[in-house]
Amino acid sequence: MAYSDKQRNNYQEILSGIVDSGLNKEEQQIISSQGSMIKVRKGSGKSIDSLINMCSNNYLGLASHPQITQAAHHALDSRGYGLASVRFICGTQDIHRQLEERLSSFLGTEDCILFSSCFDANAAVFETLLDESDIMISDRLVHASIIDGMRLSKAGHDTYKHKDMKHLRKKLELHGHCPRKVIITDGVFSMDGDIAPLEELASLAEEYDAMLFVDDSHATGFMGASGRGTHELCGVLGKVDLLTTTFGKALGGASGGCVAGRSELVELLRQRGRPYLFSNSLAPMMTMGTLAALDLVEQDQSLRQRLLQNMQWWRDSLVDAGFIVVPGNSPIVPIMLYQAKLAQAFAHRLYEEGILAVAFSFPVVPQNQARIRTQVSAAHDLEMLQEALAAFVRIGKELDALGKTKAELLAQKY
Amino acid sequence: MEEKLIEFIRDEFLEDAEQEIDVDTKLISSGYIDSFSLVSLQSYIEEEFGKKIPAPRITAQSFDTIRQMVEIIKQF
């Protein structure tokens with residue numbers, strides 16, 4: 001027998017280890033569509049909880065927007081359900097090319113290529129475009145999908161301390177002999193919600209003749225004056241050689257991703273990118289849904305305005321109430337609690353009070369840097385945020401976590 | 001040797017430049033040094049001390065503190 005008892009026991013031990021270390025992830029089943037309020041069926045199936053959702057990437061509230069669902073319906077009727085083919089065989093519809101051109105124009109690049117997800121896009125880039133004499137120099141806190149993508153590449157790899165431009169310069173000097181160098185960063189970092197110093201990065205890229213790669217998944221659709229992303233915000237439109245992003249966050253939240261950038265790089269990905277050549281073409285619903293999302297981003301300014309207002313209010317109110325909040329300018333608002341046990345207890349209590357927010361601890365974030373990461377959306381209204389704030393303050397007092405310094409929070413016994 | 005390692009690790013890996021580490025600080029198991037960084041550490045040891053430490057000897061159990069590292073390096 002291939003899966004013997006011994007094998008089974010071995011894996012069960014691994015799973016027990018995960019539970020014992022308090023890292024077990026359990027999924028609750030949401031029975032409503034995604035939004036600022038969601039309905040969850042309680043474990044026993046008997047009652048239904050209504051929760052304020054403070055942990056989705058649904059930044060513009062488009063996950064259930066009527067204009068998007070309408071576009072998806074239209075796609076089903078006019079272009080069918082699925083392509084059942086990879087792009088290059090018989091999987092390219094006119095709408096795919098329409099979306100690629102639209103994205104490229106929106107993001108300020110030369111061309112664009114679609115993938116099933118940004119995870120796939122990141123998996124394709126480094127393996128396809130670089131060889132063993134090249135070097136990838138990444139920020140230490142880049143997303144897991146980028147780390148995996150770099151692993152697939154034969155190019156050398158080095159890292160620089162998070163947003164440390166002096167350290168990056170040192171690395172660029174060290175690897176100066178490499179024919180191709182790529183500086184790799186997130187636009188907005190997912191754990192802290194902080195923004196990469198793209199102006200300085202672009203300047204270093206220029207100085208050292210390196211390419212600049214940015215994964216802007218937590219920024220596309222709402223950062224920058226017209227929502228184009230971190231590069232617009234930092235004034236470096238046109239200076240990013242490779243920009244990857246997802247359609248699974250602000251742009252509707254379904255799935256799909258892309259690489260936008262220099263035309264030769266995009267074309268090479270089309271010719272040789274394995275996740276492109278060997279994975280199914282993006283379904284018509286996703287394609288037209290994303291086009292509709294771009295329409296909304298470009299035409300409805302109120303979405304971004306509401307998001308910005310909510311962000312500001314939420315951040316300022318938490319700080320005023322006495323919480324330690326990682327400073328920043330994005331809808332990702334982490335409330336620092338430092339101790340894993342405290343963060344987990346806090347999140348658990350929040351759930352009981354009708355607020356959904358997630359605690360992050362080691363190894364997702366460094367030791368003693370546990371936090372509750374909240375995410376604000378344009379779909380939140382002031383009343384919801386006030387209710388959420390009240391719950392945070394109540395629980396903060398209950399757990400004696402309000403108005404403390406980092407040292408005090410670390411010293412307390414939980 | 002310990003001094004040089006402390007300096008290298010502080011400069012290269014520690015996000016917080018003021019952080020104090022000593023020969024007994026757990027570096028890998030507490031997440032200061034991750035698997036990507038181990039390659040960098042291995043290269044440094046080869047360049048600085050002329051010792052090539054085989055990858056199987058560099059684990060979170062055996063290579064966690066500077067004290068442990070020095071012990072292993074001296075064997076080569």
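## Helix H1 of chain A

Of the 16 residues of H1(A), the number buried is 0, so the helix lies largely in the open. Buried here means 20 or more other C-beta atoms within 10 Å of a residue's own; 12 or fewer counts as exposed, anything in between as partly exposed, with C-beta atoms placed from the backbone. H1(A) covers residues 5–20 and reaches 22 Å from first C-alpha to last, close to the 22 Å expected at 1.5 Å a residue. The expected span is 1.5 Å times one less than the number of residues. Gly22(A) follows H1(A), with a positive phi near 75°.

Helices (H or I, at least four residues) and strands (E, at least two) are DSSP runs, numbered from the N terminus. This is a predicted model: local features need pLDDT of at least 70, side-chain atom pairs count only at pLDDT 80 or more, and totals for chains, interfaces and linings use all residues. Residues are numbered from 1 along each chain as its sequence is written, while chains are lettered from A and ligands numbered from 1 in the order in which they are written.

H5(A) is largely enclosed by the rest of the structure, because 11 of its 12 residues are buried. Among them are Cys118(A), Phe119(A), Asp120(A) and Leu129(A). The helix spans residues 118–129 of chain A; its end C-alpha atoms are 17 Å apart, which agrees with the 16 Å it should span.

The axes of H5(A) and H6(A) (residues 144–151) come within 7 Å and cross at roughly 30°. That makes H5(A) roughly parallel to H6(A). Angles under 35 degrees count as roughly parallel, over 145 as roughly antiparallel, 65 to 115 as roughly perpendicular and the rest as oblique. Axes are lines fitted to C-alpha atoms, for helices over the stretch in contact, with angles from 0 to 180 degrees between N-to-C directions.

On the H5(A) side, the meeting residues include Phe119(A), Asn122(A) and Phe126(A); on the H6(A) side, they include Ile146(A), Asp148(A) and Met150(A). Contact means C-beta atoms, placed from the backbone, within 7 Å.

## Asp194 of chain A

Asp194(A) sits in the loop between strand E6 (181–186) and helix H8 (198–207). Asp194(A) is buried, with 20 other C-beta atoms within 10 Å. Beyond its neighbours within four places in sequence, Asp194(A) contacts Phe189(A), Val326(A) and Gly328(A). Ser4(A) is 190 residues away in sequence and 48 Å away in space, C-alpha to C-alpha.

## Chain B against chain A

Here, 4 residues of chain B are in contact with 8 residues of chain A.

Key. Contact = placed C-beta atoms within 7 Å.
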